[in-house]
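Work through these exercises with the predicted model open. Try each task before reading its solution.

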Amino acid sequence: MQQITLDSQRSLLRFLTCGSVDDGKSTLIGRLLYDAQLIFEDQLRGIHIESQRKLGDVDALDLSLLVDGLQAEREQGITIDVAYRFFSTAKRRFIVADTPGHEQYTRNMATGASSADVAVLLVDARKGLLVQTHRHSCIASLLGIRHVVLAINKMDLMEYNEDVFRSIEKQYREFAKQLNFTSITAIPMSALLGDNVFKHSTNMPWYQGSTFMAFLEEVDADAIHENEPFRMPVQWVNRPHQDFRGFSGTIASGSVKVGDNITILPVGTPAVVQRIVQYQTEREIAERGEAITIVLDREVDVSRGNVLSSVQNPASTSERVEAHVMWMHETPVQAGKQMLCKLGTALVPAVITKISGKIDVNSMEKLPADILTMNEIGICVVQFESKIGHDTYLENRDMGGFIFIDRLSNETIAAGMIIRDASTTQNITWHKMDVDTNARATTKGQKPCVLWLTGLSGSGKSTIANLVERALWAEGKHTYILDGDNVRHGLSSDLGFKAEDRIENIRRVAEVSRLMTDAGLIIIVSLISPFQSERDRARRTIKQGEFIEVFIDTPLEECERRDPKGLYKRARAGEIKGMTGLDAPYEAPENPELHVSTMAQSPEDSALHIVSWLRTKGFLHA
Amino acid sequence: MDHLSNLEAESIHIFREVAATFERPVMMYSVGKDSSVLLHLALKAFYPSLPPFPILHVDTSWKFREMIAFRNQRMAEVGVKHLVHRNEEAIANGISVFTHGSGVHTDELKTVALRQALDKHKFDCAIGGARRDEERSRAKERIMSFRNQHHRWDPKRQRPELWHLYNTRIAPGESVRAFPISNWTELDIWQYIKRENIPVVPLYFAKERPTVIREGQIFMLDDDRMPLLPGEKPEMRMIRFRTLGCYPLTAAVESTAATIEEVVQETLSARTSERAGRMIDHDKPGSMEQKKIEGYF
């Protein structure tokens, strides 16, 4: 082992190795540690024995075995998951994430890249740039890595030819113009034989640049964090006894001083920092990256997931953002999928309401797409169920990066990076009406509400909606029907039947319903609306207590037997794709206000049932 | 922030995530230097509260006597609720390294004992002091490492873990092993112990101790349960330990490093890894991974 000095001030560099399979990533790290004499003797003995067993040669030394720590990896000779190695030289401390090259394990590469400052991208000189080279570059760039080492490896197999090196370098620089890298350093090497890894290669006198190790020791990859606004997501409420209530968290950006005015997001409650507490000490000021506990000057409602934020420059709290989403699960995703989103310390239900395209990793162009398969990167509109504090990913990784978690399996199924706030209502102030909803409804002798009839095509929604309206009309009530088929002719005539169009259609119907309830009407919506998440969103659009979810429950076989519009027949014949109940899912309401089973009663009885429910709940009186 | 402060902040963040998101977390405490650091970080993370979870020591009954004395003293000092669990059935059956070999010993007294304790108390998250620089398969493990209902680790299907966003969601019966000091090295541990003045078991410091040499490794005779082989005679040697486990499975190193400064200096110039002294890692290639799959820490 090399003797190193005891100096805790040495800077830390985190880098990852990436690139296509078999480009020699693990071998490069093994070689670097070996040549720099950073491998313990017992570990070296261990891999000597394994190398001999594997290769049947007494002198063999397979350096990749130093990092490929899983049995399956050593058996197959590939890297499956990211391995972290730690080493120090006289100049620096390093944490290296050695990541897998197989496309199948791209999510593990992203895991390693999310915390790295520098990406070392390996290229096999014989093969040149591959799809994985492009994909990994694209991911590294999106994740905010600004410095790349283009390690053009296996030069020994190309007779150390300069032209080969120059041509690959040129191609890569051309490709990388579309990426956000600030520096690209190309180094010709042989990881297997050690050329230009730790020592300058005598085989490539035409290369005058840094060796790999010299580059790592010298690269300045520190991001600048001056004048950033204060952000601290609250992790844990610290309450040892009645007289102490503090909010523990790690400062995600900026700094905080005792006496600072802050705002508590998403609500925007103001407060003043009274104490900054750390173990057995009080601080006057604390900075980015520090784990602290803040005591405020007043009793306010603060819980995990809230963000303590600068007043002058608060984080955004919009419910709608545009984001890059890297899909990581085997099952593809379409707009409408309901998931959990973890951002900072907040965990909220969220839905992708629109996939507006995906990135072609070879050209960095945006391609049209309405579905994302595993390892694809989409540009999506994400709707959070409630407001949470956030920034863009470019401004702050910890406030703009998020993960999606599957609600059933709890797996991490995607990673996202916020591009911008996408709330359409930004900067629009609400025009306050003088004649209010109550006044309008009172004159009509009723309370406004939305009866939201959901069910399969052919379940009887429209029939029941008409009967309900006639019954209410007979009592002198003011009503209006919004029918799924009818709105398609006007309000939503520009929309098709793709998932995102259906979501938009439902959104429009919900918004129109809300306007009509403001006008004091009783609205009867008749819409398949197959997803719970969309119905829940409609519910949130409508004033609380005025949304009445009515499940028109008719078994699929009965709907198909009735088939009033002949749609099932056409779908069975393959003329219609995405027919709800056949090749597209229908999620039955989880907790509807009303459950109407059409098999048990006639449509007339069903309508009466709904009207009498409205009466008992007081909707039919002013 | 300097390097150690960075590591400390990351670890505290992980501790708080565990406390805030799990119903019944527990912190594993094995009395060694890493556990000493872990305990110190837990005290820091929740101050002025005490750590909001109990501390569990899985006692194989083969720990050095000085470790047990140190444990009892530390637990009394910090005042956190603590539990000790042993696989009493295996102990009653006389399972030991000497009679059953290191494989059965570790399996019954550590892995099975740990599973028993987790099941008995229905803990849904066990915080441990493993570090990625210790061993190859540990270098592959996530900070929040998912376990199925049978406490098994599936190294091929680990959850992606980006930024500082830890997915702590689990179904009933499943659990997570959380590793707050994943990114620390042996040297970081010693430098931090020095900086923070953290108490550790005296066995880490060199002293004359009764020893025998077996298969080229130095073993300390901690009590009379270790049978001497024919021809073996205890000899006093100046030794210390880089890592502490069951005494018949933990080899010492010859050293004169008797103070924390000397230990840090020795760690800086070490030529072998600390786990070279741990017999159970070397049973066969990949043996640590196999133990981990089965539920070992």
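**Exercise 1. Which residue forms a salt bridge with Arg275(A), and how far apart are the closest N and O atoms?**

Solution. 
- Step 1: Find the partner. Arg275(A) forms a salt bridge with Glu282(A).
- Step 2: Check the distance. The closest N and O atoms of Arg275(A) and Glu282(A) are 2.5 Å apart. The cut-off is 4 Å, so the pair counts.
- Step 3: Arg275(A) has a relative accessible area of 30%, so it is partly exposed. Glu282(A) is partly exposed too, at 46% relative accessibility.

**Exercise 2. Which parts of chain A does the salt bridge of Arg135(A) and Glu103(A) tie together?**

Solution. 
- Step 1: Confirm the bridge. The closest N and O atoms of Arg135(A) and Glu103(A) are 3.2 Å apart.
- Step 2: Arg135(A) lies in helix α5 (residues 131–142) of chain A, and Glu103(A) lies in the loop between β3 (92–98) and α4 (106–113), so the bridge ties together parts that are 32 residues apart in sequence.
- Step 3: Compare the surroundings. Arg135(A) is buried, with a relative accessible area of 9%. Glu103(A) is partly exposed, at 39%.
- Step 4: Side chains of opposite charge can pair when their charged atoms come close.

**Exercise 3. Stacked or edge-to-face: how does Phe87(A) pair with Phe94(A)?**

Solution. 
- Step 1: Start with the total. The whole structure holds 22 aromatic pairs over all chains.
- Step 2: Read the geometry. The ring centres of Phe87(A) and Phe94(A) are 4.8 Å apart, with 20° between the planes. Planes under 30 degrees apart count as stacked, so this pair is stacked.
- Step 3: Check burial. Phe87(A) is buried, with a relative accessible area of 5%. Phe94(A) is buried at 2%.
- Step 4: Contrast a pair in chain B. Phe46(B) and Phe53(B) are edge-to-face, 5.6 Å centre to centre with 85° between the planes. Phe46(B) is buried, with a relative accessible area of 0%. Phe53(B) is buried at 3%.
- Step 5: Widen the view in chain A. Ring pairs link Phe15(A), Phe87(A), Phe94(A) and Phe212(A) into a cluster.

**Exercise 4. Where do the buried residues of helix α10(A) fall, seen down its axis?**

Solution. 
- Step 1: Size the helix. α10(A) covers residues 461–474, which is 14 residues. The helix reaches 20 Å from its first C-alpha to its last, close to the 20 Å expected.
- Step 2: List the buried residues. They are Lys461(A), Ile464(A), Ala465(A), Leu467(A), Val468(A) and Leu472(A).
- Step 3: Look down the axis. The buried residues of α10(A) fall within an arc of 165°, so they line one face of the helix.
- Step 4: Turn to the face away from the buried side. That face carries the exposed residues Arg470(A), Trp473(A) and Ala474(A).
- Step 5: Find what the buried residues pack against. Their partners in chain A include β26 (449–454), β27 (479–483) and α16 (603–616).
- Step 6: Step past the helix. Just after α10(A), Gly476(A) takes a positive phi of about 85°.

**Exercise 5. How many residues of α4(A) are buried, and what do they pack against?**

Solution. 
- Step 1: Count. Eight of the eight residues of α4(A) are buried. Among them are Arg107(A), Asn108(A) and Met109(A).
- Step 2: Name the neighbours. The buried residues of α4(A) pack against β1 (11–19), β2 (83–88), β3, α5 and β17 (320–327) of chain A.
- Step 3: Of the 622 residues of chain A, 58% count as buried.

How values were computed
Residues numbered from 1 in each chain as written. Chains lettered and ligands numbered in written order. Predicted model: local features only at pLDDT ≥ 70, side-chain atom pairs only at ≥ 80, totals over all residues. Heavy atoms only, no water. Phe/Tyr/Trp six-rings, centres within 6.5 Å; stacked < 30°, edge-to-face > 60°. Buried < 20%, exposed > 50% of the residue type's maximum accessible area, 1.4 Å probe, protein only. Salt bridge = Lys/Arg side-chain N within 4 Å of Asp/Glu carboxyl O. Helix = DSSP H or I, 4+ residues; strand = E, 2+ residues; numbered from the N terminus. Expected span 1.5 Å × (residues − 1). Arc of directions from axis to C-beta. Contact = heavy atoms within 4.5 Å.
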